Amino acid sequence: ALSLIAALGLQIITGLTGQISVGQAAFMGFGAFAGGVLITQLHWPFLLSLLVAGLIAGVIGTIFSLSCFRLKGFYLALVTLAAHVFFPFVVNHVPKWTGSTGGLRLPIPSIAGFTFDTAQSWYYPVVVIAVIAVFLTKNLQRSRIGRAFVAIRDNDRAASAVGINVRLYKMLYFFLGTFLAGVAGYL
């Protein structure tokens, strides 16, 4: 189910828009460490940390997407590959927050008083979140935004000619794709 959530993010970037991204694992790492910091250092609740960890990964993905306005194919893949170089750099250079290479020791997750201390009990919230992600991604494909993504995939110049703000939508699909990667990493 965790891989499904990350793959849905990659589906948005690669499937809907035709861009090549190989940095999905790094964005999962950003979501994992962001959520870990929120829970251990700031003592935020599980679900709020989940949302904010996805948002942080999405913002980092959007920053990486700023270079994609003129790049396609192999060159875009190289830019997203840079996230794999940037991620360990951040983890190793902020050890107070990330625990460096030793990582963070997280508390047992709990939602509304229910603790998920076994693999079997953890399965259910992850599946619920995965089903929500599938539902939202499927509906995104059918929406006005999803049709704009497909138009950009087919021909970004033609999409721009019919009034689609190509830059905005490119940032949006990277944000959504890396948001889902961050959620998967956090989980």
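I then looked at Ile 13, whose backbone oxygen lies 2.2 Å from a polar atom of the Thr 17 side chain. I note for myself that this is a predicted model, and that the distances are computed from it.

Next I asked where Thr 17 lies, and I placed Thr 17 in the loop between helix H1 (2-16) and helix H2 (24-40). Is Thr 17 buried or exposed? I wrote down a relative accessibility of 1%, and because buried means under 20%, Thr 17 counts as buried. Leaving out residues up to four places away in sequence, I listed what Thr 17 touches, namely Ile 12, Phe 149, Arg 153 and Tyr 173.

I turned to the largest nonpolar core, which has 34 residues, and I saw that Ile 12 and Phe 149 are among those with the most contacts inside it, as are Ile 5, Leu 180, Val 183, Tyr 186 and Leu 187. I checked which helices contribute, and H1, H2, helix H3 (46-65), helix H6 (119-142), helix H7 (144-154) and helix H9 (166-186) each supply at least two residues of this core. The largest share, nine residues, comes from H9.

For the largest pocket I noted a volume of about 320 Å³. I counted 15 lining residues, of which Ile 132, Ala 133, Leu 136, Phe 179 and Leu 180 lie nearest the centre of the pocket. Which helix gives the largest share of the lining? I found that H6 does, with six residues, while H1, H3, H6 and H9 each supply at least two. Sorting the lining by class, I have 14 nonpolar residues, one polar residue and no charged residues.

Last, I looked up His 43, which lies in the loop between H2 and H3. I noted that His 43 has a positive phi of about 60° although it is not a glycine.

Note on methods. Residues numbered from 1 in each chain as written. Predicted model: local features only at pLDDT ≥ 70, side-chain atom pairs only at ≥ 80, totals over all residues. Heavy atoms only, no water. Helix = DSSP H or I, 4+ residues; strand = E, 2+ residues; numbered from the N terminus. Buried < 20%, exposed > 50% of the residue type's maximum accessible area, 1.4 Å probe, protein only. Polar contact = N/O pair within 3.5 Å; in protein donor to acceptor, adjacent residues only side chain to side chain. Contact = heavy atoms within 4.5 Å. Core = buried A, V, L, I, M, F, W, Y, C linked by side-chain atoms within 4.5 Å. 1 Å grid on protein atoms, 1.4 Å probe; cavity = no way out; pocket = protein on both sides within 12 Å on 5 of 7 lines; lining within 4 Å. Points joined across faces, edges and corners; volume = space filled by probe spheres on them. Nonpolar A, V, L, I, M, F, W, Y, C, P; charged D, E, K, R; others polar.
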